[in-house]
Amino acid sequence: MERYDYVIVGAGSAGCTLANRLSADPTLKICLVEAGKKDNSLMVRMPAGVGSLIKEANDYNWGFHTEPQKHMNGRKLYWPRGKGWGGSSSINGMVYIRGHAGDYDQWGQMGLKGWDYASVLPYFKKSETLDRGENAFHGGSGPLNVSSSPMSSPLYRAFIQAGEQAGYATTEDFNGAHQEGFGPYQRTIHKGERWSASYAYLRPIVGVRDNLTVISTGRVTRILFEGTRAKGVEVVEGKGGLPQSIFADAEVIVCAGAVQSPQLLMLSGIGPAAHLDRFGIKAVVDSKGVGQNLQDHLDVTVIHDMTQPISAYSMQKGLKKLGVGIRYLMNQTGPGADNFLQAGAFLKSRTGLEMPDIQLHLVNAIMMDHGKTDPQKDGYTVHACQLRPESRGTICLASSDPFADPAIDPNHLATEEDRRAMRQAVKMVREVCAQAALKPFTGAEIMPGPGTVSDEDIDSFIRRTGETIYHPVGTVAMGLSDSQPLDGELRVKGTEGLRVIDASVMPTLIGGNTNAPTIMIAEKAADLILKKPALARQEPAEMAGA
């Protein structure tokens, strides 16, 4: 019988962070259980490897698919999610974004004490080392290395200039005083390597701290309860393997992500009783909000041919690809050290909004259908997503088999406002791409294509081609209402000794990429668990994202 103080389920962005912070107390015994492998692949380490990791299921990518989307021509959308050490931070685009200050102030206004922007900013700073040094908004001594984009292609500078020419603002730091406008992205790349949560938090302590045990390729199939108290987990190594019980004297902490945390809770009897009953699962707690409130950023792409051979394609075509690999292996430089995503924008789709509701990612390559389609030519892609969709979806059980995928229904484009915002985003991107600054680089429009002009045509294009940009949250939300499964300290209501800590806890989707906020949540949660005083609130003269 194996006993620990804390058992953490999932070595993703949150799980790695918690394993580090909790095991810093030598009096505690910590067990971290991960269903995937150690992140030893060159494709994980090398930033340019992101394309191969994202496009199909593999050792580091669960490769889920959604239920047919009724507002998107009945399509089943492909949903990559991270598997193995680092979770999605090992396969993501390495963009470091926190969201808008208003996102967190909204959480505070919901009654979630300590989750307003001034309260969470110190935890963002605690997690971070920015290459330009510490300031009012950034940390200088945290585990997560964040680098400023080198703007290594003239395309990125031209994109920002085109935004200016179209009448939009510019900003030097999306995570600083002003989020709105066009500007360079900060990235979780350090000395040419992907700086995942594993590299930041887990790898430095494995084999160093005797009080931390990491189990890889161990699938947690259910949480073990004694009454309503979580007492441990059942782990199976490979389908058909013998279950092993691992016990937690203090808490079980579920960090399996927005898709699999609600699945594991429901398999364990925490969820809507009527739904569980359909699969022969007895409810430990009838928690109706588990698996509800799914929110995600739907993405649409505007793609152009490029008239100059400066995209990722020309840098790596033919025999050059071998040279790129050799150069990277020798000194972690060159195209292999780039994610080809160095600039973007946060914009408002209409007047009267307090915060930007559209995010743009410029990719110096043709990025079509998650990279599954490669036309083998130079081009550039502008991804546009709606930041605060009204649509709400669900994660439900499809089977009582813990090795089966859950039923994922993001319910994209369910409201007219969501359809309007996405339509307007396409129009805004086209306007920017038509500006003089981008003319030296811009060839024919590949997508949506010159025949897509009317609102009806654009709506049809979005339904046919829209995809996730990988930011699902909210399926085990914290909040004060009975419909929200967690309290403000991320404890599962109606149970003892059980918390959920990952992107699923966000009551609302933040306006940006979700990796940095998930790490922040885990940093703050570690202090809550260890009963440390909260870091002092920090209210800069100008709030970030204003």
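1. Helices here are DSSP runs of H or I with at least four residues, numbered from the N terminus. In this predicted model, helix α11 covers residues 320-331 and holds Leu322. Leu322 counts as exposed because its relative accessibility is 56%, and exposed means over 50%. Together with Ile326 and Met330, Leu322 forms a nonpolar patch on the surface; the accessible area of the three is about 340 Å².

2. Apart from neighbours within four places in sequence, Thr514 is in contact with Tyr470, His471, Val473, Met506 and Leu509.

3. Side chains of opposite charge can pair when their charged atoms come close. The whole structure contains 28 salt bridges. One of them joins Asp39 and Arg203, with 3.2 Å between the closest N and O atoms. Asp39 sits in the loop between β2 (30-33) and α2 (42-45), and Arg203 in the loop between α7 (197-202) and β12 (212-215), so this bridge ties together parts 164 residues apart in sequence. Asp39 is buried, at 0% relative accessible area, whereas Arg203 is partly exposed, at 28%.

4. A salt bridge also connects Glu417 with Arg350, at 3.7 Å from N to O. Glu417 belongs to helix α12 (residues 416-433) and Arg350 to the loop between β19 (343-347) and β20 (358-363); the pair therefore ties together parts that are 67 residues apart in sequence. Glu417 is partly exposed, with a relative accessible area of 21%, and Arg350 is partly exposed at 39%.

5. Asp357 and Arg420 form a salt bridge as well, their closest N and O atoms being 3.9 Å apart. This pair links distant parts of the chain, 63 residues apart: Asp357 is in the loop between β19 and β20, and Arg420 is in helix α12. Asp357 is buried, with 8% relative accessible area.

6. Aromatic rings deserve a separate look. Counting ring centres within 6.5 Å as a pair, the model has ten aromatic pairs. Ring pairs connect Tyr104, Trp107, Trp115, Tyr117 and Phe124 into a cluster.

7. Two lysines are placed over tyrosine rings. Lys29 lies over the face of Tyr4, 5.1 Å from the ring centre. Lys372 lies over the face of Tyr78, 3.7 Å from the ring centre.

Note on methods: Residues are numbered from 1 along each chain as its sequence is written. This is a predicted model: local features need pLDDT of at least 70, side-chain atom pairs count only at pLDDT 80 or more; totals for chains, interfaces and linings use all residues. Side-chain values use heavy atoms; hydrogens and water are left out. Rings of Phe, Tyr and Trp (its six-membered ring) pair if their centres lie within 6.5 Å; planes under 30 degrees apart count as stacked, over 60 as edge-to-face and the rest as tilted. A charge sits over a ring if NZ of Lys or CZ of Arg is within 6 Å of the ring centre and within 35 degrees of the ring normal. Patches are made of residues with over 30% relative accessible area and no salt bridge: like charges are joined within 9 Å, nonpolar side chains (Val, Leu, Ile, Met, Phe, Trp, Tyr) within 5 Å. Accessible areas come from the Shrake-Rupley method with a 1.4 Å probe; for residues, only the protein chains shown count as cover. A salt bridge is a side-chain nitrogen of Lys or Arg within 4 Å of a carboxyl oxygen of Asp or Glu. Helices (H or I, at least four residues) and strands (E, at least two) are DSSP runs, numbered from the N terminus. Buried means under 20% relative accessible area, exposed over 50%, partly exposed in between (1.4 Å probe, protein chains only). Contact means heavy atoms within 4.5 Å.
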